Amino acid sequence: MTDSIIGKSFYVSLNQLDPADQARVNKFIPRFMENPANPGTSLERVTDAKDPKIWSARISRSLRAILHKDGGRAFLLFVGQHD
């Protein structure tokens, strides 16, 4: 289990998704909080980000969560379509 914080910007971006994608995200959140190292989340560092602590987590084929990961703490920042 990790210390996870969900930022306001995450909820703002979540509310812009269609209901089916919102449901996927709502299933992802507790699974991620329980075990962020689960292979299904496919955590990857965002290599072109200015901050090396910015990561991407897979929610579905087309959805990704963007987070700031620092040791055992994750701050969920944004959710949206993978491009």
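1. Aromatic pairs: there are two of them in this predicted model, where rings of Phe, Tyr and Trp (its six-membered ring) pair if their centres lie within 6.5 Å. F10 and Y11 have ring centres 6.3 Å apart and planes at 85°, so they meet edge-to-face (over 60 degrees; under 30 counts as stacked, the rest as tilted). F10 is buried at 0% relative accessible area, while Y11, at 40%, is partly exposed. Buried means under 20%, exposed over 50%, and partly exposed in between, with a 1.4 Å probe and protein chains only.

2. A word on the basis. Residues are numbered from 1 along each chain as its sequence is written, and side-chain values use heavy atoms, without hydrogens and water. As the model is predicted, local features need pLDDT of at least 70 and side-chain atom pairs count only at pLDDT 80 or more, whereas totals for chains, interfaces and linings use all residues.

3. Do look at W55 too: K69 lies over its face, 4.4 Å from the ring centre. The criterion is NZ of Lys or CZ of Arg within 6 Å of the ring centre and within 35 degrees of the ring normal.

4. Now the sheet. Five strands form an open, mixed sheet in the order β1-β5-β4-β3-β2; strands are DSSP runs (E, at least two residues) numbered from the N terminus, and two of them pair if DSSP finds at least two bridges between them. β1 (3-6) and β2 are the edge strands, each pairing on one side only. β2 and β3 are antiparallel, joined over two bridges, and E44 has S56 in β3 as its bridge partner.

5. The loop between β2 and β3 holds A49, which is partly exposed at 27% relative accessible area. A49 and S9 are 40 residues apart in sequence and 17 Å apart in space, C-alpha to C-alpha.

6. Finally, the largest pocket has about 300 Å³ of space. Of its 17 lining residues, V46, S56, R64, I66 and H82 are the closest to the centre. The elements giving two or more residues to this lining are β2 (44-45), β3 (54-58), β4 (63-70) and β5 (73-81). A pocket here is an open set of points on a 1 Å grid over the protein atoms alone, where a 1.4 Å probe fits, with protein on both sides within 12 Å along at least five of seven lines; lining residues have an atom within 4 Å of a point. The lining divides into four nonpolar, seven polar and six charged residues, with Asp, Glu, Lys and Arg counted as charged, Ala, Val, Leu, Ile, Met, Phe, Trp, Tyr, Cys and Pro as nonpolar, and the others as polar.

Notes:
Points joined across faces, edges and corners; volume = space filled by probe spheres on them. Helix = DSSP H or I, 4+ residues; strand = E, 2+ residues; numbered from the N terminus.
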